[in-house]
Amino acid sequence: MKITGAKVFVGGPGKNYVTLKIMTDQGVYGLGDATLNNRETLPAAYLNDYLIPNLIGMDPRNSEDIWQFFYRGAYFRRGPIAMAAFAAIDMALWDIKGKLANMPLYQLFGGKSRDGALVYAHATGSDLSDLKDSIRYYIDQGYKAVRVQCGIPGMPTAGYGVAETKGDVANYITDFSGIKPKVEIWDTDRYMRYMPDALMDIRDHFGPDLKILHDVHHRLTPREAAAFAKSVEPVGLYWLEDPTPAEDQDALKMLRQHSTVPVAIGEVFNSVWDCNKLIEQNLIDFIRVSVTYAGGITHVKRIVDLAGLHNVRTGFHGAPSHSPISMAAQAHLNAWAPNFGIQEYLVLGTPECDALFPSDHKLQNGMFQVSDGAGLGVDFDESEAERYHFKAGSHPIVRLEDGTMWDY
Ligand SMILES: [Mg+2]
């Protein structure tokens with residue numbers, strides 16, 4: 001069996017999804033996602049210029065050897081661009097494998113470990129009252145877990161994940177349009193003073209059963225993160241996410257010495273080598289990698305197994321930049337992983353997105369129901385794809401009030 005060709009598509013409704021389609025001499029094709037948010041053309045170029053010319057003629061069933069060929073063969077290993085490009089190939093090869101076996105991917109991993117996978121939604125409010133409306137909106141739809149982000153009184157601009165307009169409680173998505181980034185102004189003192197009481201207010205209002213998550217988005221120093229984690233302990237958070245910038249992994253030691261609040265990190269990690277210290281030293285409780293940014297199913301499965309040895313559970317990244325192909329790959333891992341925790345999930349199910357990526361994966365009562373179709377269980381409509389073209393975007397940047405650059 002041979003790979004006869006591969007095509008890369010860049011574009012989509014509201015996002016520049018980077019979709020890879022690998023064709024074979026037996027008519028079976030596979031799909032992968034290489035969407036590196038706001039740097040989408042780079043993995044696309046890596047695929048087109050270096051990887052696809054080598055893929056042609058390879059046996060698509062040898063997904064492990066092909067992964068090793070590209071990873072070890074690159075010499076300059078790791079990094080988000082290369083790992084997203086490898087990830088797309090790897091997802092597509094697993095998709096082909098599943099279709100050849102006529103089985104959903106979770107069966108090839110070892111079958112289902114659960115009936116459905118718990119997901120969390122993004123609740124947001126420009127103030128606490130709006131945030132409560134937003135949480136209620138998701139609870140009413142059956143969600144059991146929500147990430148809560150709230151506007152801070154006196155903060156010059158909306159904080160991370162916070163709706164800019166009052167009343168925007170349902171479909172808040174950060175605007176990444178344009179090559180010049182939007183500037184947000186951050187004030188740690190105001191955040192530290194306001195947020196712990198706001199989180200406690202939410203717990204008191206909604207009771208003990210709701211799973212509450214909160215994302216600090218890399219904004220605190222090690223000492224501030226330790227103090228913040230200690231102050232939110234009575235809230236009983238499901239997790240505290242990215243309390244400090246992810247590069248300085250020793251920063252979490254101070255937090256661990258002062259608090260038992262569960263910590264989730266890893267959405268910007270690309271390989272097991274970014275995760276192993278945090279996992280082996282019990283500095284985190286949830287690992288947040290995604291199949292797209294961390295080298296695909298083959299590599300993420302290794303991270304999941306390492307995490308399982310140390311009682312660290314999964315909480316895969318699921319921002320809107322992950323296409324339905326990436327989310328499908330994660331759904332199969334979530335169905336299988338013995339140490340599954342939770343999945344971040346934003347409803348992408350617009351009619352445009354459904355037309356581009358037809359699929360029968362489903363969300364029911366806050367639980368993700370994986371497709372039983374062969375392979376990934378998601379398709380890609382090339383004629384629909386012709387409607388979309390690349391549009392440059394950028395993450396916001398963050399400055400302090402005096403102009404100092406800070407972490408987004
Ligand atoms: Mg996050």
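How many bridges join strand β2 to β3, and do these strands run parallel or antiparallel? The legends below take up this pairing first and then turn to other parts of this predicted model.

**View 1. The hairpin of β2 and β3.** Five bridges join strand β2, which spans residues 18-24, to β3, and the two strands run antiparallel. Within this pairing, lysine 21 of the structure stands opposite leucine 31, a residue of β3. The two strands form a hairpin with four residues between them, and in the turn glycine 27 has a positive phi of about 85°. Strand β3 covers residues 29-33, and because four of its five residues are buried, β3 is largely enclosed by the rest of the structure.

**View 2. Methionine 91 and its surroundings.** Methionine 91 has its place in helix α3, and with a relative accessibility of 0% this residue counts as buried. When neighbours within four places in sequence are left aside, the contacts of methionine 91 include Leu31, Gly32 and Asp33; residues 29-33 make up strand β3, so that this view can be read together with the hairpin of β2 and β3. Further along the sequence, methionine 91 is also in contact with Val291, Thr292, Ile297, Ile325, Ser326, Ala329 and Leu376. Glycine 161, by comparison, is 70 residues from methionine 91 in sequence, and the C-alpha atoms of the two are 29 Å apart in space.

**View 3. The open sheet of β6, β15 and β16.** Three strands form an open sheet in the order β6-β15-β16, with mixed pairing. Strands β6 (183-186) and β16 (405-406) stand at the edges with a single partner strand each, and therefore one side of each is left without a neighbour in the sheet. Four bridges join β6 to β15, a strand of residues 397-400, and these two strands run parallel. Valine 183 has isoleucine 397 in β15 as its bridge partner.

**View 4. Two asparagines with positive phi.** Most residues other than glycine have a negative phi. Asparagine 102, although it is not a glycine, has a positive phi of about 55°, and this residue is found in the loop between α3 (80-101) and α4 (105-109). Its relative accessible area is 62%, and asparagine 102 is accordingly exposed. Asparagine 282 likewise has a positive phi, with a value near 55°, and lies in the loop between α9 (272-280) and β10 (286-287). Asparagine 282 is partly exposed, with a relative accessible area of 42%.

**View 5. The whole protein, as a setting for the close-ups.** The secondary structure of the protein comes to 13 helices and 16 strands, and the C-alpha atoms fill a box of roughly 60 × 45 × 45 Å along the principal axes. The radius of gyration is 21 Å, which agrees with the value near 22 Å that a compact globule of 408 residues would have. Of these 408 residues, 58% count as buried, and among contacts between residues at least 6 apart in sequence, 73% join residues at least 24 apart. The protein exposes about 16300 Å², of which carbon and sulfur atoms supply 50%. There are 38 positive and 50 negative side chains, and the centres of the two sets lie 3 Å apart.

Terms used. Residues are numbered from 1 along each chain as its sequence is written. This is a predicted model: local features need pLDDT of at least 70, side-chain atom pairs count only at pLDDT 80 or more; totals for chains, interfaces and linings use all residues. Side-chain values use heavy atoms; hydrogens and water are left out. The radius of gyration is taken over C-alpha atoms; the globule rule is 2.2 Å times the number of residues to the power 0.38. Buried means under 20% relative accessible area, exposed over 50%, partly exposed in between (1.4 Å probe, protein chains only). Contact means heavy atoms within 4.5 Å. Accessible areas come from the Shrake-Rupley method with a 1.4 Å probe; for residues, only the protein chains shown count as cover. Lys and Arg count as positive and Asp and Glu as negative; His and the chain ends are not counted. The place of a charge is taken as NZ of Lys, CZ of Arg, CG of Asp or CD of Glu. Two strands pair if DSSP finds at least two bridges between them.
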